[in-house]
Amino acid sequence: MHASTALSLNFCGLSLANPVALAAGTAGYGPELNDAFDLSRVGAVVAKSITCEPREGNAPMRIIDSSAGMLNAIGLTNVGLAVFQAQKLTSRAEIGCKLFGSVAGHSVQEYATVAQAFDIDKSIDAIELNVSCPNTSDGLQFAEHPDALRSLLREVRPVVTHKPLIVKLSPNAPDIVKMADAAIDAGADALTVANTFTAMAIDVQTRSFRLSNKRGGYSGAGIHPIIVRMIYDVYSKVARDAKKPIIGLGGVSRWEDAAEFILAGATLVGMGTALYIDPRSPLRVVDGLARWTKAQGCSNIQELIGKVKD
Ligand SMILES: Cc1cc2nc3c(=O)[nH]c(=O)nc-3n(C[C@H](O)[C@H](O)[C@H](O)COP(=O)(O)O)c2cc1C
């Protein structure tokens, strides 16, 4: 069986070559990882989050190693909307897979402005709302309370009329299922589960915080089993019945990790931290998923979504 037939799928009306997506903030503005491998081998790249104005982000240290993963407090460094559209999206043709734009902001109005610009930009196939960045002073303001998320989507949903609107949820919310429910209720077409966990690290010799921002987002292998549980909960309690696809994201580095997400209910599987260890790791995940689909007796991987034996 050729990987293309076993893994090709429909995501909110878009045809993707396979379910593997490169996660926001870990794959540059789109084409950068073409140096590591041909990006047409994955389903989608999610570009780094864009705000209206350029942002320098936090001072160093802003990325550190941790056991079973890493901590980052980048702070949404980006070139801003105008430069992203005028200079970064010009290399769209090099990407060869779907390109999702990621939107961030300090206010409802900022989210709406960037989302509206993405909605009419032909280089962008879908729009992910990063309402869940733990590394800015106000990054989680829309991610922890259903009413705050609803108020954001009340302004953003009406300006996104051409493209799928994906809401990236925070694992730091007291109840991620309630947040998923609110997002769907307010018009989200799909959900990403999830962003990083708020975390902290201390240098015991100098007795200082290892990240300049003190707090950072924990990602990588250590969070994977927790995200499996969150995908399962969101899928079985709200997303399956609402027919809203999930992008599973957190600690995937091997095809087995991705397969677990799919069985728990994910349609797409994102990879972020693994790219820092081996930028070509998505290729092994794609090949492994194709073999697994066949070994499970399925002609297409979509037959396995949510098919963990309950
Ligand atoms: C260095 C770094 C930068 C990130 N920047 C963003 C970002 O700009 N926007 C966003 O939505 N998520 C961002 N994330 C979160 C990832 O997209 C992803 O949700 C998280 O890392 C969990 O997946 P992983 O364990 O596969 O890395 C960033 C993660 C890392 C490690």
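This is a predicted model: local features need pLDDT of at least 70, side-chain atom pairs count only at pLDDT 80 or more; totals for chains, interfaces and linings use all residues.
Me: Which elements have the lowest and the highest mean pLDDT?
Reply: The lowest mean, 82, belongs to helix α1, residues 3-7. The highest, 99, belongs to strand β15, residues 246-249.

Me: Why is Lys214 called partly exposed?
Reply: Lys214 has 13 C-beta neighbours inside 10 Å. A residue is exposed at 12 or fewer and buried at 20 or more, with partly exposed in between. Therefore Lys214, with 13, counts as partly exposed.

Me: What makes Lys243 exposed or buried?
Reply: Its count is 7 C-beta neighbours inside 10 Å. The cut-off for exposed is 12 or fewer, so Lys243 counts as exposed.

Me: What is the phi of Lys214, and what is that of Lys243?
Reply: Lys214 has a positive phi of about 65° and is not a glycine. Lys243, also a residue other than glycine, has a positive phi near 60°. Most residues other than glycine have a negative phi.

Me: Where do Lys214 and Lys243 lie?
Reply: Lys214 is in the loop between β13 (208-209) and β14 (215-219). Lys243 is in the loop between α6 (224-242) and β15.

Me: What is the omega of the bond from Val193 to Ala194?
Reply: Omega is near 15° there, and the bond is cis. Ala194 belongs to the loop between β10 (190-193) and β11 (197-200). Most peptide bonds are trans.

Me: Which residues of helix α2 are buried?
Reply: In α2, residues 81-88, Leu81, Phe84 and Lys88 are buried.

Me: How do you know whether the buried residues of α2 line one face?
Reply: Seen down the axis of the helix, the buried residues of α2 fall within an arc of 95°, so they line one face. An α-helix has 3.6 residues a turn, so residues three or four places apart point the same way.

Me: What lies on either side of α2?
Reply: The buried residues of α2 pack against β4 and α3 (108-119). The face turned away from the buried side carries the exposed residues Ala86 and Gln87.

Key: Residues are numbered from 1 along each chain as its sequence is written. pLDDT is the predictor's confidence in each residue, from 0 to 100. Helices (H or I, at least four residues) and strands (E, at least two) are DSSP runs, numbered from the N terminus. The arc is that of the directions from the helix axis to the C-beta atoms. Two residues are in contact if their C-beta atoms, placed from the backbone, lie within 7 Å.
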